[in-house]
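Please open the structure in a viewer and keep the sequence panel at hand.

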Amino acid sequence: MPPQGLHQDSQYEARHRRWWPDVLCGLRDLYDEDTAVRTGARLEQLSRDAHRVRDADLVDLDYERLLRPDRLCTPEMIGYSADTERFAGDLAAVRDRLDYLHELGVTYLHLMPPFLARAGDDDGGYAVADYRQIRPILGTMADVRETTRQMRARGISLALDVICNHVADDHEWARRAKAGEERYRRYFHIFPDRESPDAYEQHLSQIFPDSDPGNFTWDDDLNAWVWTTFHSFQWDLNWSNPDVLVEMTHVILELANAGVEVIRLGAVAFVWKQAGTDCQGLPQVHSVTQVLRAVARVCCPAVSFEAEAVVRLERLPAYLGQGRWTGKLSELVYHDTLMVQIWSALAAKDARLAARALSCLPTLPPGTAWVSYLRCHDDIAWSVRDVDATAVGWEGASHRAFLSDWYAGTFTASRARGVVTRREGSGGEARIGGTAAALIGIQADEEDQDVPHAELDLAALRLAQAIVFGWGGIPVIWSGDELAAVNDPDGELAPGRSPDLRWTHRPRLDPQRWARRHDRNTSPGRAFTDLATMAAVRRELVHLHAATPSFVDEMHDRGVLPIRRPHPQGVMLQLYNVTPEWRFHPGARLAALGLDPAVDALTGQEVHPGPDGRVWLPPYAAWWLVAVTPSS
């Protein structure tokens, strides 16, 4: 046997031969030949240096991940997302709650950025001032390493954000740019006057037209305009400068060596700027991602990439690799459409729009997967396409306004307790915040002690989570939703944070609700045990591997959303009743799919058509139907 170090080096060199050509190819897309060669040499030195100091257990993990490249696509992947402080307090306390996450079935933990953020408004931590420092209230980089070490022992992967598009205006690079250092001024898009910004603006959209209009901000220290796509305190990085690519690669390799297994590429769609375009999703964006992933494949192949790309449906697969980028980009992408359509179906008590929108989803490239969720750290924008609304006889703007009113609780008969975080335009549309329990009515049930409604609302919560868990890819639970947590009434003024209504739906994990998590006579107990059971069932269902696509099946009742997942071992038919009434699905369709008889995998109950030839679904029923076998 060769010495351990030599064995590791031989593995590294084999990966280098396999993947380094992708690094050089991506660099040639971005820069002239001389710059590409010099940048490639710098990246190679970074990669070799990082691998040389990579811990032995992480090197072993690299080997394991190479032997199981589809791990992120398997049904065992269950996600959980949280703000560190609100979930536990600090990183040491996160370690104390790993058994809790393991009990819930979690194998993927996404923490909102724990890095040192700018003073004042920090966009929930997404205005990073230093990727090499953790916010003092949360711990240190040593805490990150110890946390990931303990997570690996439980089979949990840590995901952290690297916000590709921008850094805070008090990041060291920005401070040095303000001080006049030309090297660091080139890290940003800086303009002496409005000529270029005005030319760009003709083609750019505005992310926050009311609070942060325009895409450029005047800075007195720079004595110039700086590109700020999102907020005035978030300065866009200039990736056409190879120094930026090298710096950000260094950040990713350091996080990988701290045990981070998933890098969430924040705002990746915006990283490349080109005059005369909307500066979103340009080809160079994918070449940048190709370089980052190829370096990681060589140095630390246990690391995966997730594209935070909230873009039009038809553009999504590009971030996972199409054409010459096939198999070379991120493995995961966010499924914002599923979230919106679940909430739309529940409010309208009608699944037709969801069926239409989900049937139009693009096919993802092999080896990639959706990250699905009922909620996330952000508020909900009602991204219902007019063409989908028209197809079911609705008017898009009116439906979006209805959803805004329904979840704000201002629509007649709505018992939602959402908050309007931001108005959009003049048509009544609004972005809505709120926990799942607040939006679905459970908060109102607890306030009013409304037991009859509570039963229905808890069933609706289970239904909504079942759609997320049943879609395939990685389903992610937002912290607190597993306990049916209610809104934080003081969330807007979260201690140590700038005023932001989104903190309303990022409540601290309530110890009283946590203590009741096994008591099914309580809302926390129902929510928690439903999810834990769902996770356990999901792990055993081969149908839910991401390689098995989801299709909207024949729809026979507007209240029932049918999702079909054809697997070589047999088809799964998911039936979701999005209404508080009994609804039907024809038994003949089950028979045609080989599901007569069928068993609901979630409950173990056999499902048979009645005398009328139909199967009848109770209010808010969620069924995962598979063929009855001797092992069932």
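**The barrel**

Begin with the eight strands that close into a barrel with parallel pairing, in the order E1-E2-E5-E11-E12-E13-E14-E17. Strands (E, at least two residues) and helices (H or I, at least four residues) are DSSP runs numbered from the N terminus, and two strands pair if DSSP finds at least two bridges between them. The model is predicted: local features need pLDDT of at least 70 and side-chain atom pairs count only at pLDDT 80 or more, while totals for chains, interfaces and linings use all residues. Residues are numbered from 1 along each chain as its sequence is written, and side-chain values use heavy atoms, with hydrogens and water left out.

Next, select residues 79-82 and 108-111: strands E1 and E2 pair there in the parallel sense over four bridges. Ala-82 has Leu-111 of E2 as its bridge partner.

**The cores**

Now colour the nonpolar residues. A nonpolar core is a set of buried Ala, Val, Leu, Ile, Met, Phe, Trp, Tyr and Cys residues joined through side-chain atoms within 4.5 Å; buried means under 20% relative accessible area, with a 1.4 Å probe and protein chains only. The largest such core has 179 residues, and those with the most contacts inside it include Leu-43, Trp-239 and Trp-624. Helix H19 (residues 451-470) gives the most to this core, with 10 residues. A second, separate core of 14 residues includes Ala-598 and Leu-625.

**A loop residue**

Finally, select Leu-593, in the loop between helix H22 (587-592) and strand E22 (598-600). Is Leu-593 buried or exposed? Leu-593 counts as buried because its relative accessibility is 18%.

How values were computed:
Buried < 20%, exposed > 50% of the residue type's maximum accessible area, 1.4 Å probe, protein only.
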